[in-house]
Each structure stands twice: as structure tokens, then as C-alpha cells.
Amino acid sequence: MSTTTTPATTTTIPTSLRRSISNTLKGSAGNLVEWYDVYVYSVFAVYFESQFFSSDDKNSTIYVWAIFAVTFLMRPIGSWFFGRFADRHGRRLSLTVSVSLMAFCSLIIAFAPTAEMIGVGAVVILVFARLVQGFATGGEYGTSATYMSEAAMPGRRGFLSSFHYVTLVGGHVLAQTTLLVMVLTLDEEAITSWGWRVAFAIGGVAAVAVFWMRRTMDESLEKSVIDDTKSGRSKDSGSMRDLLVNNWRPLLLCFAVTAGGTVAFYTYSVTGPNIVKTAFSGGDVITGTVINLIALTALMLMQPLGGWLSDKVGRKSLLVFFGVGGVLYTWFLITMLPQQTNEFAAFAILFGGFVILTGYTSINALVKAQLFPTHVRALGVGLGYALANSLFGGTAPLLYAGAQSTEQVPLFIVYVTIIIAASLAVYIFALRNKAPNWLDDELVMREAQTSRTRVPVSSR
């Protein structure tokens, strides 16, 4: 494995495709388990809702999604902590710690007492576990996006780094598969009583294998950089001051790139499947679950295709495709999906949204990683993503639930469309398909930064 050295930072660049693929698979395996732990909550929320809130409370569903949204407040904190840790002590160790923390909290939820047992204390335990998971997830995204972008070979970065979202969506697919197995083998009472606990426990147990895999993957941050940080010779690695003073423009751009993508992602891939589940819940819950599972599997499998295509036509082209599609399609998806009683029509509408979404999901991690120099990359990617994700992504299901209960769904649609449109403007005017970037042209970017020369931002 060869290395590329710059005056301030050093990253290891894989020269072997086989090695690059191996590191990608090991990095993405942990991502799969961690995002399963995230999505098992949204998939099984309808079943464990009555375990933590009274079934007589008409606002119980809003409370459940409020907890889902509140956990996103911890993501910026987790991004700061784990991003700084990854830039100073290595990506591998940061990823290993985050997945372990995530899994431990899944086990806490799996064995949590119900409201019937300890009253409001049950909700306190649930909120605590989810807040800690939000903290861990904030660190997972930025560090894994950084690692998988750095581990990917130049020329194939789009394809290989797309597996970041293959496993992110794969976590949702795995959660939906778990639900399907249960609805086929258990009755609703059993799932409500204890089946949801098994679903959470699966994530905790799976972390054991992932812990070993992440310990054996290569470190993408050069050992000399880690040693310099430990000895105190390097002060800039993972520095918030350096990020905010010298890299505030890419941080702002990372936030803007994420905003439209994250609100679309949670609207299309979380709210969308929940709409389908509700539409087919009146006696045909299996059909709704199957529709969601097939559609999410298709979304997962489209990620490498989007990444490969971006290697050919550029990242900006796909982002613009997503932005235009999102602006035009959101109204149709949210308005028409609840009206469907035909499973093929429901699938087609959901799948159409996922095709559009792929323009963002397949390459967003790489686009953000290219914006930052190595010594603040994990911190910058994670913090820019987490801030936008907390404001616009995690709140989307809650806002939809609130809009639905007050019959203001059109306002929700306008809200989502405006945010996507704002990001579309950024894709069009602030990004270029062919320009230097920090992953592929670090020396050029560093010279430009030193001389204060404005270099066009690349999305290739």
C-alpha cells in the first residue's frame, strides 16, 4: 500500500483493487448493523408504541416520532466527538467504538421495562438509549463516509463509496425483513408483546462480528499522523478552530448539499414506507410489508449503479437529477401514495421516488469527503451532515405526522419541496463536475489554500 504525503497530513491510498474492496466490505458491514439499529425503531414503532405510552392517548404516535426526532439533536455532538477522534486517532478505532456503543443501546431497549411496569420511567429509558444511539450515529456517518471515500481507488471512488449507502439502506431492508418474518410467523399480539424486543436484540448481537471485522480493516489515516497527534506535534488534526476558521466554506457547502438530500431521504424512505404500511394495515399487513421490502431492496441495489454512473458523468450531474426530480415528484408521492389500494401502483410510486433519491444517496458521502482536507475531513463531513440532518432529516417523519393529524399535509409538501429546491440551487451554482478536490488533488488544494486562491469545488 503506497502513501501520499502533504506538509500537514498524510493519508494511505490503496493501490490494489482487491484491497480496496476488502476494506470497503469491512467498513460497510459495521455500517449495516449500525443503521439496522437506527431503522428498527421506525419499522417496529407501531408495535412497541403501546408498551411505552397508553393506547388511550391519541398523541402516542406523535410522541414516538418525537423521540425519533429528538435523538437527532445528539448527532452534531456525536459528529464532533467521533470526527475529532477519527482525525486524531484514526478512522478504524472511531468506527469500532461507535458501533459498539450503538449495539449496547439496542440491547438496553430490547430489555427495557414497559410503562405498565415502572410508569414514566420506561419512556426515560427509551429516550436515554435513543439519545446515546443518536450520539453514536452522528459519529458513524462522518467517519464511515470518510473512511470508505479514502479507501476507494481513484477512478472507482463513486462505485466503491456508494456501498456506504448500500449498507445504510441495507439496515432498513434488514429491519423490514425482520418484520416480514415476524408477521409471517407471529400474530400481532406476539409482536407487540415481545417480538419487537427480539428485533432490537438482533442488532446488539450482530455487533460482535462487526467489532472483529472493523479491527482487521486497514487504517486509512497514516500512522505517522496518529503518532504526531499523540505526541503533541500536530495541533490541527480534528481542530474545530481550524474547521471554522480555515474550512468554513466547505462546512457550509456540506450543510447545504445535505439539507435537501436528507429531508428527501427521510420523507421518501421512512415516511413513504410508513404510508404504505398504513394504507395496507386494514387486514393485509403482509402486503404492505412486502411492498416496502422490495422497494427498499431496489433502492439498495441502485446505489452501486448510481456510484458507477457518477464515475462516468460526474457527481454534479446526479445531484442535479435528484434535485430536479425531488422538486417535481414530492407532491405526487405524498399525495398519491396514501390513496393506493393496489399493491403494484403503491410499489411503482414508491420506487419512482427511490430512483430519484439515488441521485443523492449513491454519491453524497463522496461529494462531502472531497470538500475537506484530511486533518479535518471526518469532523467536517460528520458535523456538516449532522447539523442538516438534525434540522431537516430526523424531523421529517414527525412533521408529517403532525401535518397529517391537523390536515395540513400540503404545507408539509411545500416545506420539503422548498428545501430540496434550495439544495438544487447549490448543486447547480456551487459545484463543478471537473475541478480539483481534496481526495484526488490534495497538493493542488493545499497550495491554493496557502495562497488564498479560490479553487472551484469539484463534484467529480
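Me: In this predicted model, where is the place of E407?
Reply: The model is predicted. Just after α18, E407 takes a positive phi of about 60 degrees. The place of E407 is in the loop between α18 and α19.

Me: Is E407 buried or exposed?
Reply: A residue counts as exposed when its relative accessible area is over 50%. E407 has a relative accessible area of 70%, so E407 is exposed.

Me: What is phi of E407, a residue other than glycine?
Reply: Most residues other than glycine have a negative phi. E407 is a residue other than glycine, yet its phi is positive. The value is near 60 degrees.

Me: Which residues of α18 are buried, and where do they lie around the axis of α18?
Reply: The buried residues in α18 are A396, P397, Y400, A401 and A403. They cover an arc of only 165 degrees around the axis, so they lie on the same side of α18.

Me: What do the buried residues of α18 pack against?
Reply: α18 spans residues 396-405. The partners of its buried residues are α2, α12, α14 (315-336), α17 (377-393) and α19 (409-430).

Me: What covers the buried residues of α2?
Reply: Helix α2 runs over residues 60-70, and its buried residues are S60, V64, W65, I67, F68 and A69. Their cover includes α1 (17-52), α6, α12 (248-279) and α18 (396-405).

Me: Why is α4 described as roughly antiparallel to α6?
Reply: Helix α4 covers residues 91-110 and helix α6 covers residues 121-151, and their axes are 8 Å apart. Angles over 145 degrees count as roughly antiparallel. The two helices pack at about 155 degrees, which makes α4 roughly antiparallel to α6.

Me: What is the handedness of the crossing of α4 and α6, and how do the residues of the contact divide?
Reply: α4 and α6 cross in a left-handed sense. The residues of their contact divide into 13 nonpolar, eight polar and four charged.

Me: At what angle do α1 and α4 pack?
Reply: α1 passes α4 in a left-handed crossing. The axes of α1 and α4 are 10 Å apart, and the angle is about 35 degrees.

Me: Which residues in α4 meet α1?
Reply: The contact of α1 with α4 has four nonpolar, three polar and two charged residues. From α1 come G30, E34, D37 and V38. In α4 they meet S98, V99, M102, A103 and S106.

Me: How do the axes of α3 and α4 cross?
Reply: Helix α3 consists of residues 75-89. Its axis and that of α4 come within 7 Å. The axes cross at roughly 145 degrees.

Me: Which residues in α4 meet α3?
Reply: By class, the contact of α3 with α4 holds six nonpolar, three polar and two charged residues. On the α3 side are F82, F85, A86, D87 and H89. On the α4 side are R91, L93, S94, V97, S98 and L101.

Me: Is F48 buried or exposed?
Reply: F48 is a residue of helix α1. The cut-off for buried is under 20% relative accessible area. F48 has 1% relative accessibility, so F48 counts as buried.

Me: What is F48 in contact with, leaving aside its neighbours within four places in sequence?
Reply: F48 and W196 are 148 residues apart along the chain, while their C-alpha atoms are separated by 6.6 Å. With sequence neighbours within four places left aside, the contacts of F48 are Y41, W196 and F200.

Me: How far apart are the C-alpha atoms of E188 and Y47?
Reply: E188 lies in helix α9, residues 188-216. At 59% relative accessibility, E188 counts as exposed. E188 and Y47 are 141 residues apart along the chain, and their C-alpha atoms are separated by 8.0 Å.

Me: What is P113 in contact with, leaving aside its neighbours within four places in sequence?
Reply: P113 sits in the loop between α4 and α5 (115-118). Its relative accessibility is 21%, so P113 counts as partly exposed. Neighbours within four places aside, P113 is in contact with F52, I118, A122, I125 and R197.

Notes:
Residues are numbered from 1 along each chain as its sequence is written. This is a predicted model: local features need pLDDT of at least 70, side-chain atom pairs count only at pLDDT 80 or more; totals for chains, interfaces and linings use all residues. Side-chain values use heavy atoms; hydrogens and water are left out. Axes are lines fitted to C-alpha atoms, for helices over the stretch in contact, and angles run from 0 to 180 degrees between N-to-C directions. Helices (H or I, at least four residues) and strands (E, at least two) are DSSP runs, numbered from the N terminus. Angles under 35 degrees count as roughly parallel, over 145 as roughly antiparallel, 65 to 115 as roughly perpendicular and the rest as oblique. A crossing is left-handed if the near helix is turned anticlockwise from the far one by less than a right angle, and right-handed if clockwise. Ala, Val, Leu, Ile, Met, Phe, Trp, Tyr, Cys and Pro count as nonpolar, Asp, Glu, Lys and Arg as charged, and the others, Gly among them, as polar. Buried means under 20% relative accessible area, exposed over 50%, partly exposed in between (1.4 Å probe, protein chains only). Contact means heavy atoms within 4.5 Å. The arc is that of the directions from the helix axis to the C-beta atoms.
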